[in-house]
Amino acid sequence: MKNILMISIAGTEINFLISMPTLKAYMNQFEEVRSQYTFTILDFKLIDTIDYIIRKIKEQPVFNILCLSSYTWNKERIEILMHAHLCKDIIVGGPDIPENCNPHDSSYTITKIEGEGEEKLFYSLMNYIPPKQTLAEKPSAYLTNSVNENVINDKSMCINIETMRGCNYRCAYCAYHKFLDHIEYRDRDVIVQEIEFLYKKGKTLGLILDSNFFANEQRAVYILDKLTDLNIHIKFDIEIIGSFITEPIVQSCNRYMRNGGDLLIATGIQSINKDVLKAINRPPYDEKVFNEKIKSIEKIGAMIRYDLIAGLPKETKSSYENSIDYVINLLRYDRSCPGFSILHIIPFTQIAKNVKELGFLINNIGVVLSTPTMSQEDIIECNKLNLIIRRLFDPSDIDNNRKEVRCLYFKLKDKYHISNVKLLTSIYKLVETEIFKKRSILNGIAESRLIWTRMRTEIPYDKLLNILENL
Ligand SMILES: C[S@@+](CC[C@H](N)C(=O)[O-])C[C@H]1O[C@@H](n2cnc3c(N)ncnc32)[C@H](O)[C@@H]1O
Ligand code: SF4
């Protein structure tokens with residue numbers, strides 16, 4: 001019998017990764033796998049240091065294969081684990097695998113699993129191709145008890161639900177569509193059973209991992225209506241493409257919300273510049289359609305998150321600022337929040353294949369540092385704006401019914417008749433000098449997630465309010 005140790009490092013403090021349990025559930029359905037392998041998952045959090053992770057791995061009973069799942073936020077730690085001589089046989093998969101997976105010496109091997117993991121892991125362990133299975137036939141990680149007990153029983157931990165793979169669009173920077181040329185769906189009744197099971201365990205927060213949960217109107221309506229009928233009151237974060245909002249979907253969302261549930265609908269704008277959108281394979285931004293559809297969701301009281309990405313091809317600092325200005329004005333609705341980031345180059349995406357030709361400079365984990373149209377200083381300035389926007393319009397303040405900062409922000413903007421970017425820059429300067437003694441702290445781009453965690457604790461709500469009141 002060979003023991004496989006699977007390492008998951010989550011991207012937030014209240015989340016875990018569903019990828020390893022999904023692989024475990026898939027592998028364990030085969031008797032021939034079960035008779036040869038055992039699978040143990042170790043869950044780590046964003047904040048866990050590499051020393052802590054290594055110590056915990058070393059404390060484990062003997063294992064023969066170490067499986068690592070690499071994402072943008074844990075890539076650096078995964079790279080260290082790959083070469084830490086923890087095991088002779090390493091398998092690394094995930095959407096953002098380190099570019100160089102060559103071992104440093106001959107004492108260990110590294111096998112890369114690219115793309116969808118299930119069949120590839122099976123082949124890697126068993127040396128033959130598994131029987132064909134549709135996504136709907138694959139076993140549920142939750143209903144097969146493949147997720148660790150402590151994760152299931154921790155009520156504060158968010159649940160991750162996958163309902164589909166693939167996407168309607170193929171944006172040049174994105175790996176969410178998982179390189180599928182079509183959309184595959186999971187069994188909708190299994191999804192409802194999973195959510196019901198988790199709700200009964202006391203879970204109140206959920207993340208739908210799909211690229212576009214509204215891709216299929218009938219399925220979205222079916223799932224939402226079933227959850228309403230079952231009296232489930234989980235607050236779900238749902239990623240969607242704005243143009244897929246339809247009247248029946250809005251009605252189902254409304255029923256879910258009226259029955260005590262809550263929804264955060266996250267939708268990508270990415271940029272309002274038409275040349276940028278063309279360069280990333282997205283249709284031009286249609287303000288009228290978008291506004292009508294988003295307004296219909298806004299009306300029922302759902303939270304809305306608008307995403308932008310700085311550093312896209314053809315984007316300039318000034319065109320990014322135009323997008324910021326546009327989106328910040330949408331945040332007057334007090335249940336809206338921003339989801340602004342700096343472009344990451346994710347392996348195998350269309351952009352990743354052309355990074356050199358495009359003239360992009362990236363750091364060791366793929367974060368864009370400069371482009372032909374944005375200098376390093378421009379990217380740093382945009383990152384500062386992203387961070388201060390995130391602090392000012394923090395969705396957790398909405399959850400806690402704290403609206404004063406947002407109201408004051410727009411009062412100041414209206415009083416001085418200035419652009420959002422100007423006002424944000426002034427606020428940022430105050431925050432930087434008053435709160436952060438080390439100026440360099442906000443210059444980091446790669447560490448944005450950690451800097452964000454610090455910003456939240458080092459600029460508490462009252463302090464932020466105080467800064468705005470004295471502006
Ligand atoms: C997976 S998407 C889902 C949203 C929806 N599908 C859409 O694009 O309208 C979630 C967000 O992740 C962000 N994102 C995806 N790939 C990214 C990358 N390579 N770098 C930075 N942000 C990225 C985008 O802002 C995107 O809106
Ligand atoms: S950014 Fe959104 S719409 Fe574009 S491919 Fe990714 S998931 Fe699909």
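Predicted model: local features only at pLDDT ≥ 70, side-chain atom pairs only at ≥ 80, totals over all residues.
Helix α17 goes past helix α20 in a left-handed crossing. As for names, residues are numbered from 1 along each chain as its sequence is written, and chains are lettered from A and ligands numbered from 1 in the order in which they are written. Helices (H or I, at least four residues) and strands (E, at least two) are DSSP runs, counted from the N terminus.

**Helix pairs**

Two packed helices are described by the angle between their axes and the distance between the axes. Here the axes are lines fitted to C-alpha atoms, for helices over the stretch in contact, and angles run from 0 to 180 degrees between N-to-C directions. Back to our pair: α17 (residues 404–416) and α20 (residues 461–469) pack at about 15 degrees, their axes 10 Å apart. That angle makes α17 roughly parallel to α20. (Under 35 degrees counts as roughly parallel, over 145 as roughly antiparallel, 65 to 115 as roughly perpendicular, and the rest as oblique.)

Who touches whom? Glu-404, Val-405, Leu-408, Tyr-409 and Leu-412 of α17 meet Tyr-461, Leu-464, Leu-465, Leu-468 and Glu-469 of α20. Sorted by class, that contact has eight nonpolar, no polar and two charged residues. Being in contact means that two C-beta atoms, placed from the backbone, lie within 7 Å. For the classes, Ala, Val, Leu, Ile, Met, Phe, Trp, Tyr, Cys and Pro are nonpolar, Asp, Glu, Lys and Arg are charged, and the others, Gly among them, are polar.

Next come α7 (residues 188–200) and α8 (residues 217–229), whose axes come within 10 Å and cross at roughly 30 degrees. So α7 is also roughly parallel to α8. Their crossing is right-handed. Arg-188, Ile-191, Val-192 and Ile-195 of α7 make the contact with Arg-219, Tyr-222, Ile-223, Lys-226 and Leu-227 of α8.

With α1 (residues 19–28) and α5, the axes come within 10 Å and cross at roughly 60 degrees. These two are therefore oblique to each other.

**The sheet**

How are the strands ordered? Five of them form an open sheet, β2-β1-β3-β4-β5, with parallel pairing. At the edges sit β2 (37–44) and β5 (109–113), each pairing on one side only. From one strand to the next, the twist averages 20 degrees. Strands pair if DSSP finds at least two bridges between them; β1 (residues 2–9) and β2 have eight. Lys-2 stands opposite Tyr-37 in β2. Helix α5 (residues 117–126) lies across β2, β4 (89–93) and β5, and runs at about 150 degrees to β5.

**Around the ligands**

A residue is near a molecule or strand if its C-beta atom, placed from the backbone, lies within 6 Å of it. Ligand 1 has 16 residues around it, and Tyr-176, Glu-239, Gly-268, Asp-307 and His-344 come nearest. Strand β11 gives the largest share of that shell, three residues. The residues surrounding ligand 2 include Cys-167, Cys-171, Cys-174, Tyr-176 and Gly-268.

| Shell | Nonpolar | Polar | Charged |
|---|---|---|---|
| Ligand 2 | six residues | three residues | one residue |

Conventions:
Left-handed = near helix turned anticlockwise from the far one by under 90°.
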